[in-house]
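Open the structure in your viewer and keep the selection tool at hand. This tour goes stop by stop, saying what to select and what is there.

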Amino acid sequence: MNKFGLGPALRELRESSGLEAKAVARGAVMSRSKLSKIENGNTAPSVTDVDCILTAIGVSDAVKAEYMAAAREAATEITAWRLVRRLGYSRKQQQVQALESQTALLRLFQPSLIPGLLQTPEYARAVFARKGLSEAQLERTIGARLARQGVLYSEL
């Protein structure tokens with residue numbers, strides 16, 4: 001069980017238990033629409049939502065513990081990203097720059113994203129454009145990324 005497949009995994013669990021969505025939604029004290037959005041991955045469930053759904057399905061304590069751990073992990077990540085958005089991506093880039101300036105050795109493996117030091121301005125624009133930033137925010141964020149690269153390249 002991982003945090004990304006939590007909604008679909010809850011749907012599989014419900015279906016394997018033989019319960020209909022309407023009955024689980026009623027037992028979890030939520031609307032059928034909300035349960036559907038959670039199961040389809042359109043809405044991130046809260047830890048309480050997951051607990052209520054699992055209780056309504058009637059799973060074992062071991063299964064419940066596994067799903068609750070994934071729900072807590074997802075909630076922690078959502079909270080961290082909300083904080084980043086609130087501060088602004090350019091501010092986050094400045095924080096990362098301060099941290100990296102103190103770093104003597106950095107090992108990184110990110111198979112789904114090119115590391116910041118190796119990103120071209122066009123690639124950085126494509127990555128941050130998906131975040132729904134205004135043009136001014138996008139320019140500040142890319143500017144902070146390029147400034148950090150300049151500092152790191154000058155230290156090499």
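This is a predicted model: local features need pLDDT of at least 70, side-chain atom pairs count only at pLDDT 80 or more; totals for chains, interfaces and linings use all residues.

**Stop 1: Val-29**

Select Val-29. It sits in the loop between helix H2 (21–27) and helix H3 (32–39). Look at its backbone. The phi angle of Val-29 is positive, about 55°, although the residue is not a glycine. Is Val-29 buried or exposed? Its relative accessibility is 76%, so Val-29 counts as exposed.

**Stop 2: Arg-32 and Lys-22**

Now select Arg-32, which belongs to helix H3. How far apart in space are Arg-32 and Lys-22, C-alpha to C-alpha? The distance is 5.8 Å, while the two are ten residues apart in sequence. Arg-32 is partly exposed, because its relative accessible area is 41%.

**Stop 3**

Next, select Arg-148 in helix H8 (residues 135–155).

Is Arg-148 buried or exposed? With a relative accessibility of 6%, Arg-148 counts as buried, because the cut-off for buried is under 20%. Glu-100 is buried as well.

**Stop 4: Arg-125 and its two partners**

Select Arg-125 and Glu-135. They form a salt bridge whose closest N and O atoms are 3.4 Å apart. Arg-125 is in helix H7 and Glu-135 in helix H8, so this pair ties together parts ten residues apart in sequence.

Glu-139 lies in helix H8 and Arg-125 in helix H7, so the pair ties together parts 14 residues apart in sequence.

How exposed are these residues? Glu-139 is partly exposed, with a relative accessible area of 38%. Arg-125 counts as partly exposed at 31% relative accessibility. Glu-135 has 51% relative accessibility, so it counts as exposed.

**Stop 5: a network and a count**

Now select Arg-14, Glu-15 and Glu-39. What joins Arg-14, Glu-15 and Glu-39 into one network? Salt bridges that share partners do. How many salt bridges does the count come to? The count is seven.

**Stop 6: a patch of positive charge**

Switch to a surface view. Select Arg-82, Arg-85, Arg-86, Arg-130 and Lys-131, which gather in a patch of positive charge on the surface. Pick out Arg-86, one of the patch residues. Where is Arg-86 found? Arg-86 is in helix H5 (residues 61–87). Its relative accessibility is 66%, so Arg-86 counts as exposed.

**Stop 7: a nonpolar patch**

Stay with the surface view. Select Ile-114, Leu-118 and Tyr-153, which make up a nonpolar patch on the surface. Together they have about 290 Å² of accessible area. Center on Ile-114, in the loop between helix H6 (89–101) and helix H7 (121–129). Ile-114 is partly exposed, because its relative accessible area is 35%.

How values were computed. Residues are numbered from 1 along each chain as its sequence is written. Side-chain values use heavy atoms; hydrogens and water are left out. Helices (H or I, at least four residues) and strands (E, at least two) are DSSP runs, numbered from the N terminus. Buried means under 20% relative accessible area, exposed over 50%, partly exposed in between (1.4 Å probe, protein chains only). Patches are made of residues with over 30% relative accessible area and no salt bridge: like charges are joined within 9 Å, nonpolar side chains (Val, Leu, Ile, Met, Phe, Trp, Tyr) within 5 Å. Accessible areas come from the Shrake-Rupley method with a 1.4 Å probe; for residues, only the protein chains shown count as cover. A salt bridge is a side-chain nitrogen of Lys or Arg within 4 Å of a carboxyl oxygen of Asp or Glu. Lys and Arg count as positive and Asp and Glu as negative; His and the chain ends are not counted. The place of a charge is taken as NZ of Lys, CZ of Arg, CG of Asp or CD of Glu.
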